[in-house]
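Thanks for making the time this morning.

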Amino acid sequence: MPDVVQQRMGVPVLVCDPAGPPVATVADALDLIGAAFLGAEVVAVPASRLDPDFFALGTRFAGEIMQKFVNYRLRLAVVGDISRHLAASAALRALVHESNRAEHVWFVPDLDALDARLAGAPSHRG
């Protein structure tokens, strides 16, 4: 499936194809932001598409990407199982916890959990 804008809980979400190109650079993230300008408020990126550097906070890649989404007033949802990354990094666990308490960046296990967040239900993670 290609990346597609879907209405999820009344919110336009760019749901990214798990088989799509990796997000390995800031330019790759900007490509997603540009695609979201077709009418999306949230970009749901499969965790599998994110370069491993995203989860290694010392690279600052996650911070750069997250800041781009905030600057463009878009919400970012990282969708999928990131448990192996969480097990390896207390700093990442803290980032996920704090992000999930806010409104700009969420880490969710699946699209159903994203729908719950969009509907205002309590988070399943964090």
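What follows is a short walk through some of the salt bridges, taken one at a time.

Please keep in mind that this is a predicted model, and that four salt bridges are found in the structure. As a general point, side chains of opposite charge can pair when their charged atoms come close.

Let me begin with Arg49, which forms a salt bridge with Asp3, with 3.1 Å between the closest N and O atoms. This pair links distant parts of the chain, since Arg49 sits in the loop between β3 (42-46) and α2 (61-71), while Asp3 belongs to the segment before β1 (4-8), 46 residues apart. Arg49 is buried, at a relative accessible area of 3%, whereas Asp3 is partly exposed, at 31%.

Next comes Asp115, whose partner is Arg8, and here the closest N and O atoms are 2.8 Å apart.

Finally, which residue does Arg75 pair with? The partner is Glu41, and the closest N and O atoms of this salt bridge lie 3.7 Å apart. Because Arg75 is in strand β4 (residues 75-79) and Glu41 in the loop between α1 (26-36) and β3, the pair ties together parts that are 34 residues apart in sequence. Glu41 is partly exposed, with a relative accessible area of 41%.

Technical notes:
Residues numbered from 1 in each chain as written. Predicted model: local features only at pLDDT ≥ 70, side-chain atom pairs only at ≥ 80, totals over all residues. Heavy atoms only, no water. Salt bridge = Lys/Arg side-chain N within 4 Å of Asp/Glu carboxyl O. Helix = DSSP H or I, 4+ residues; strand = E, 2+ residues; numbered from the N terminus. Buried < 20%, exposed > 50% of the residue type's maximum accessible area, 1.4 Å probe, protein only.
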